[in-house]
Amino acid sequence: MNWTWFHRLASPPHVYTLAARLTPWFAWPAALCIAAGLWGGLVLAPPDYQQGDGFRIIYVHAPSAWMSLMVYVTMASAAAIGLIWRMKVAHAVAASCAPIGASFTFAALVTGALWGQPMWGTYWEWDPRLTSELVLLFLYLGYIGLRAGIEDPQRADRASAVLAVVGVVNVPIIHYSVTWWNSLHQAPSVMRLGKPQMPAAMLVPLLLMLLGFTLLFIALLLTRLRGEVLARERAASWIREVVRT
Amino acid sequence: MNHREGNVAQPLAALDAPVPVDIATIATPRREASALAAVRLVLLRDLRLAFRKRSQLVQPLAFFAMVTLLFPLAISPELARLRELAPGVVWVGALLGSLLALEFLFRDDAHDGTLEQYALSGQSLTALMFAKTLAHWLLTGLPLALMAPLAAVSLGVPAAALPGILLAVAVGSVTLSLIGSIGAALTLGIKRSGALLSLLTLPLSLPVLIFGARATQLAIQGASFLAPLELLGALAVLGLTLAPLAAAAAVRISLE
């Protein structure tokens with residue numbers, strides 16, 4: 001097997017141009033999926049028989065919550081790759097993931113609170129999934145804080161990578177301990193194999209939104225990665241050739 | 001040079017006594033100490049240094065007592081109500097007390113180059129980190145565990161629950177020290193790292209807080225607290241296997 005494509009990923013100029021070329025291929029499908037999903041979810045889907053129209057916030061809430069975890073895992077994987085193979089670009093990927101993940105986590109928390117007001121009668125309920133989401137936000141903030149706190153960029157990369165790996169080991173432990181601690185939230189109703197409890201008119205837009213958010217994440221990641229690579233390589237000569245103003 | 005020896009009252013001879021771990025003994029290829037011997041030496045050295053600075057040892061305990069005092073003043077002096085809050089008070093106090101002591105875990109050793117010597121000694125840095133963490137637990141976790149029953153009594157907890165509380169804090173604080181060692185190693189070299197250190201370690205400590213407070217609550221109710229205690233033990237074992245590795249990696253990164 002030819003591995004040159006993989007080795008070329010270690011070269012910042014290559015990654016920069018590749019990211020620039022790939023971004024539209026993810027950004028446009030993301031826009032289409034999200035537009036279709038929102039229209040399907042907010043207009044076409046029937047109101048829920050118990051929650052009325054209030055359930056529609058799930059079309060933003062569930063994909064955000066899903067992304068908040070997926071971004072963390074992506075970040076930790078990139079960090080581990082950077083730590084093990086000392087790949088600078090992998091650290092740049094991890095660094096670009098953190099603010100995106102923190103934003104998704106924040107969005108999941110806010111939409112969860114907005115949903116909780118009519119459903120539970122309170123904005124904040126110490127429910128296990130909201131609580132673990134909040135802890136996840138603190139994990140992101142800790143990661144960003146550590147990265148910002150260390151001045152030497154290479155040390156910042158490697159130290160925050162250790163933190164991300166430690167965090168990803170802890171995320172399931174935190175999640176299950178919090179679940180064990182208190183359970184009020186409705187049981188997950190999307191991914192039941194066999195018989196999903198949701199009718200197709202509700203489920204299809206949700207899946208579209210999930211796909212759209214994933215694509216959106218990739219597009220955002222590629223864009224941030226370009227900025228990150230530029231900032232890191234600001235002294236390099238290739239930048240003058242690639243970036244024409 | 002001698003900034004470790006804060007206690008001026010000590011005779012000069014004691015101050016000038018060789019710092020207990022002789023790096024040369026660990027590192028010389030001719031007489032290479034086994035990993036176990038190195039662990040023992042580092043452990044004894046840390047304990048000895050700590051006992052030369054007793055005021056620092058007492059700080060987390062005084063802090064714990066102070067936090068316990070705040071709750072009756074802030075909420076109500078009724079023992080019945082305080083008893084309900086006791087698990088939370090004891091655990092938040094222990095968690096913060098252990099966090100407070102973390103700053104001292106590596107700071108002096110990083111300042112005077114001891115950590116670098118450890119990294120260069122040819123011994124497994126993981127084992128040495130384990131030794132340092134063990135010393136930290138003996139100096140803060142264990143005293144906090146011994147202190148927890150006192151705090152609990154002041155909150156109206158029946159005497160029958162005290163052994164359970166002691167046990168839970170003792171087991172739980174092992175994990176707290178281990179998680180803390182990672183956080184302290186990661187924040188090495190950052191000025192004013194206190195707030196960042198708590199932001200890094202507190203989210204990771206939540207499972208300990210949850211299971212520990214649950215065990216304490218069950219002990220106060222007179223029920224069997226074995227299940228959460230076993231989970232605390234499981235967390236401690238997991239931490240013992242993985243945390244020194246991560247702490248050693250973090251220390252190496254800080255020395256790069």
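Predicted model: local features only at pLDDT ≥ 70, side-chain atom pairs only at ≥ 80, totals over all residues.
**Exercise 1. State how many helices and strands make up the secondary structure of chain B, and give their order.**

Step 1. Count the elements. Chain B has ten helices and zero strands. Read from the N terminus, its elements run α-α-α-α-α-α-α-α-α-α.

Residues are numbered from 1 along each chain as its sequence is written, and chains are lettered from A and ligands numbered from 1 in the order in which they are written.

**Exercise 2. Determine what percentage of the residues of each chain is buried.**

Step 1. Apply the cut-offs: a residue is buried if 20 or more other C-beta atoms lie within 10 Å of its own, exposed if 12 or fewer, and partly exposed in between, with C-beta atoms placed from the backbone.

Step 2. In chain B, 48% of the 256 residues count as buried. In chain A, buried residues make up 41% of the 245 residues.

**Exercise 3. Describe how α5(B) and α9(B) are arranged.**

Step 1. Locate the helices and their axes, which are lines fitted to C-alpha atoms over the stretch in contact, with angles from 0 to 180 degrees between N-to-C directions. The axes of α5 (residues 79–111) and α9 (residues 194–221) of chain B come within 9 Å and cross at roughly 145°.

Step 2. List contacts, meaning residues whose C-beta atoms, placed from the backbone, lie within 7 Å. Among the residues that meet are W91(B), L95(B) and L99(B) in α5(B), and L197(B), T201(B) and L209(B) in α9(B).

Step 3. Sort them by class: Ala, Val, Leu, Ile, Met, Phe, Trp, Tyr, Cys and Pro count as nonpolar, Asp, Glu, Lys and Arg as charged, and the others, Gly among them, as polar. This contact has eleven nonpolar, eight polar and two charged residues.

Step 4. Examine α9(B) by itself. Of its 28 residues, 23 are buried. The helix bends by about 45° at S205(B), and P207(B), a proline, follows within four residues; the bend is the angle between axes fitted to the seven residues ending there and the seven starting there. After α9(B) comes G222(B), with a positive phi near 80°.

**Exercise 4. Identify which helices of chain A supply the side that touches chain B.**

Step 1. Count the contact: 22 residues of chain A are in contact with 20 residues of chain B.

Step 2. Assign the residues of chain A. Helices α5 (128–149) and α6 (153–181) each supply at least two residues of this side, and the largest share, 13 residues, comes from α6(A).

Step 3. By class, the side of chain A that touches chain B has 15 nonpolar, five polar and two charged residues.

**Exercise 5. Decide whether D157(A), R86(A) and V67(B) are buried or partly exposed.**

Step 1. D157(A) lies in helix α6 of chain A. It is buried because it has 23 C-beta neighbours inside 10 Å. Leaving aside neighbours within four places in sequence, D157(A) is in contact with G82(A) and H91(A).

Step 2. R86(A) is in the loop between α3 (58–85) and α4 (88–120) of chain A. With 13 C-beta neighbours inside 10 Å, R86(A) is therefore partly exposed. Its phi is near 50°, a positive value in a residue other than glycine.

Step 3. V67(B) belongs to helix α4 (residues 54–74) of chain B. V67(B) has 18 C-beta neighbours inside 10 Å, so it counts as partly exposed. Not counting residues up to four places away in sequence, V67(B) touches V92(B), G93(B) and L96(B).

Note on methods: Contact = placed C-beta atoms within 7 Å.
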